[in-house]
Amino acid sequence: MRLQMDDYTENQIKAKIGERPGTLRLVYDTINCGCNGVVTLQIADKPWDTDIAVESEPFEVWTDRQQEQQFDPVMKLEADRDYPSFKLSSDGAVFSRNMRVTDVREA
């Protein structure tokens with residue numbers, strides 16, 4: 001699986017990560033959402049034991065190996081220029097038009 005992003009999106013992600021170390025996790029979150037699931041991008045301290053690497057530059061990105069099937073082989077992450085959210089899409093689908101970045105790193 002590969003995640004592509006443009007320079008503007010890279011800068012927005014860098015700003016969200018800040019100076020603290022962190023890795024990105026692409027998650028199909030079904031906990032407490034009251035629905036079938038919501039795609040989120042998490043900033044975590046490290047990948048989880050069940051995570052596999054997603055090809056991405058310049059960030060280290062991971063996803064749970066059981067959730068990989070929810071995504072397409074090549075996806076594009078785009079930061080919204082008018083709102084603090086992101087769009088995740090592929091050539092065949094839009095996974096989220098209003099994806100948020102959640103920082104789940106320990107304090």
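Here are some notes on the helix, the sheet, the hairpins and the side-chain pairs of this predicted model.

1. **Ground rules.** Since everything rests on a predicted model, local features need pLDDT of at least 70 and side-chain atom pairs count only at pLDDT 80 or more, while totals for chains, interfaces and linings use all residues. Numbering starts from 1 along each chain as its sequence is written, and side-chain values use heavy atoms, with hydrogens and water left out.

2. **Helix 1, the buried side.** Helix 1 covers residues 7-17, and its buried residues are Thr9, Glu10, Ile13 and Ile17. (Helices are DSSP runs of H or I with at least four residues, strands are E runs of at least two, and both are numbered from the N terminus; buried is under 20% relative accessible area, exposed over 50%, partly exposed in between, with a 1.4 Å probe and protein chains only.) These four sit on the same side of helix 1 because they cover an arc of only 100 degrees around the axis, taking the directions from the helix axis to the C-beta atoms. Asp7 and Ala15 are exposed, on the face turned away from that buried side.

3. **What helix 1 packs on.** Its buried residues pack against strand 1 (2-5), strand 2 (23-29), strand 3 (38-44), strand 6 (74-79), strand 7 (86-89) and strand 9 (101-103); contact here means heavy atoms within 4.5 Å.

4. Strand 3 and strand 9 run parallel, joined by 3 bridges, and Ile43 is opposite Asp103 in strand 9.

5. **Two hairpins.** Strand 6 and strand 7 are antiparallel over 4 bridges, with 6 residues in the hairpin that joins them. Ala79 has Phe86 of strand 7 as its bridge partner. Strand 7 also runs antiparallel to strand 8, with 3 bridges, and this hairpin has 4 residues between the strands. Here Leu88 stands opposite Ser96.

6. **Which salt bridges turn up?** A search of the whole structure gives 2, counting a side-chain nitrogen of Lys or Arg within 4 Å of a carboxyl oxygen of Asp or Glu. Arg25 pairs with Asp51, the closest N and O atoms being 2.7 Å apart. This pair links distant parts of the chain, with Arg25 in strand 2 and Asp51 in strand 4 (residues 51-54), 26 residues apart. Both Arg25 and Asp51 are buried. The other has Arg105 and Asp103, with the closest N and O atoms 2.6 Å apart. Arg105 counts as buried at 10% relative accessibility, whereas Asp103 is partly exposed at 37%.

7. **The aromatic pair.** The structure holds 1 aromatic pair. The ring centres of Phe71 and Phe95 are 5.9 Å apart and the planes are at 55 degrees, so the pair is tilted. (Rings of Phe, Tyr and Trp, the last by its six-membered ring, pair with centres within 6.5 Å; planes under 30 degrees apart are stacked, over 60 edge-to-face, the rest tilted.) Phe71 is in the loop between strand 5 (61-64) and strand 6, and Phe95 is in strand 8 (residues 94-99), so the pair ties together parts 24 residues apart in sequence. Phe71 is buried at 6% relative accessibility; Phe95 is partly exposed at 22%.

Terms used: Two strands pair if DSSP finds at least two bridges between them.
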